[in-house]
Structures are given as structure tokens and as C-alpha cells.
Amino acid sequence: MPTIKNKEILTTTSLFKIEKLDIHFGNNESREYEIISGTGSGAVMVIPIVDDKVILIKEYAAAINDYCLSFPKGKIDDGENIIDSANRELQEEIGYKSEKLSHIYTLDLAPGYINHQTHIILATDLKPSKLDGDEPEDLEIIECKINNIDDLFLNNKNIDSRTIACMYIYSHLHRDND
């Protein structure tokens with residue numbers, strides 16, 4: 001296993017920290033890496049299932065200056081566990097809470113240079129419940145039959161890659177275990 005010989009914080013923002021790492025490898029090679037770390041405990045992305053449908057949102061994504069399709073998601077607040085965070089995000093973003101939440105996977109966003117995890121939570125047994133969110137505008141809520149998700153993905157250009165990963169995980173890894 002390579003050894004981190006030195007860490008230096010290059011800059012810190014309200015959301016991220018950029019660090020320079022000096023790493024020594026077993027074959028006497030050394031390299032400098034720059035990594036981005038989140039300042040919190042990561043994020044959750046929730047797959048809300050109602051009958052034979054999933055619920056997605058469309059919201060503005062500043063990095064691409066366009067609207068993006070995704071599952072409800074958000075930062076885990078300080079002191080909050082992933083299940084409570086997932087239920088809060090559901091209520092803020094789609095107006096439902098779940099009576100049955102389960103952690104099904106943890107994604108590393110881009111582990112070569114980003115130290116950030118997104119915990120994938122499956123939410124079933126949904127009941128109406130609305131909390132105020134932190135979004136600057138109302139989110140568009142999109143319901144899609146699970147059997148039609150491929151068409152939805154093919155007909156939309158901006159889809160959060162974690163959402164595509166979530167559907168793969170749900171369809172190929174999780175649902176097979178039900």
C-alpha cells in the first residue's frame with residue numbers, strides 16, 4: 001500500500017477542502033496528488049419507490065448551468081445519520097417521508113481525486129409529509145414507471161450520474177435480493 005508522506009491544505013471553502021498529498025509507492029516512486037474533500041459527512045441519494053414507479057426531481061445544476069434530472073439528494077447535516085438525512089431530503093424535495101428506509105450501497109464519486117461518498121438509500125412505504133427545503137426555486141417532480149426508466153434516461157440529456165448508478169444498483173444488485 002502506498003504511504004502518504006505529507007498532507008498540505010491548499011485552500012478551504014464552505015463546501016470543500018483541496019489538499020496536496022505527497023505519496024510514496026513501494027517501488028520507490030513518489031508522486032504529488034491533489035484531492036478534493038467535502039467538509040461534511042458526505043451525502044445521501046434516495047430512490048423513492050411508490051408502487052411500480054420511482055420519483056425523481058429536476059433541479060438547476062450550477063456547474064453545467066442547466067437543469068438536471070436526479071433522485072432526491074443532499075448533504076448529511078452535522079450530527080445526522082444517513083437514514084434521518086434521507087428522510088429529511090425526501091420531505092424537503094418531493095413532499096414524502098418513508099416508513100421504510102434501507103441503505104443499499106455507498107458510492108465513491110471519483111476516488112482518484114475526490115474524497116466524497118454518497119450513501120444510496122431505498123425508500124418505500126411513502127406518506128405525504130412536507131418540510132421546507134433550501135432550494136432557491138420549486139423542484140419539478142417526475143414520476144416514472146420503473147419499466148420505463150431507460151426511455152426516461154434516453155430522452156433527457158442532463159442526468160446526475162449517481163442516478164444512473166442508483167437504478168443499476170437497484171435493478172441488478174438489490175432487487176435480485178428481494
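This passage walks through the fold of a predicted model, then its strands, charged pairs, aromatic rings and cysteines.

The model is a prediction, so to speak for itself: local features need pLDDT of at least 70, side-chain atom pairs count only at pLDDT 80 or more, and totals for chains, interfaces and linings use all residues. Residues are numbered from 1 along each chain as its sequence is written, and side-chain values use heavy atoms, with hydrogens and water left out.

To begin with the overall picture, the protein has three helices and 10 strands. Helices (H or I, at least four residues) and strands (E, at least two) are DSSP runs, numbered from the N terminus. Going along the sequence, the order is β-β-β-β-β-β-β-α-β-β-β-α-α. The C-alpha trace spans about 55 × 35 × 30 Å along its principal axes. Out of 178 residues, 39% count as buried. Here buried means under 20% relative accessible area, exposed means over 50%, and partly exposed is in between (1.4 Å probe, protein chains only).

Two strands pair if DSSP finds at least two bridges between them. Strand β8 (residues 96–110) is joined to β9 by 12 bridges, and the two run antiparallel. They form a hairpin, with three residues between them. Within this pairing, Tyr105 stands opposite Ile120 of β9. Strand β4 (residues 43–50) runs parallel to β9 and is joined to it by six bridges, with Ile47 standing opposite Leu122.

Tyr168 sits in helix α3 (residues 161–174), and counts as partly exposed because its relative accessibility is 47%.

Next come the charged pairs. Side chains of opposite charge can pair when their charged atoms come close. The structure holds 13 salt bridges, each being a side-chain nitrogen of Lys or Arg within 4 Å of a carboxyl oxygen of Asp or Glu. One of them joins Arg88 and Asp77 (3.5 Å, N to O). This pair links distant parts of the chain, 11 residues apart: Arg88 is in helix α1 (residues 82–93), while Asp77 is in the loop between β7 (73–75) and α1. Arg88 counts as buried, at 13% relative accessibility, whereas Asp77 is partly exposed, at 33%. Arg88 also meets Glu89 in a salt bridge (2.9 Å, N to O), and Glu89 is buried, at 5%. Another salt bridge brings together Arg162 and Asp160 (2.8 Å, N to O). Arg162 is buried at 15%, and Asp160 is buried at 13%. Elsewhere, salt bridges that share partners join Asp77, Glu80, Arg88, Glu89 and Glu92 into one network.

As for aromatic rings, a search of the whole structure finds one pair. Tyr60 and Tyr67 form it, edge-to-face, at 5.8 Å centre to centre with 70° between the planes. Rings of Phe, Tyr and Trp (its six-membered ring) pair if their centres lie within 6.5 Å; planes under 30 degrees apart count as stacked, over 60 as edge-to-face and the rest as tilted. Tyr60 is partly exposed at 39% relative accessibility, and Tyr67 is partly exposed at 38%.

Finally, the structure holds zero disulfides, a disulfide being a pair of cysteine sulfur atoms within 2.5 Å. For Cys144, the closest cysteine sulfur is in Cys166, 14 Å away, so a bond is ruled out by distance. The sulfur of Cys166 is 12 Å from its closest cysteine sulfur, in Cys68, which is also too far for a bond. Cys144 counts as buried at 7% relative accessibility, and Cys166 is buried at 0%.
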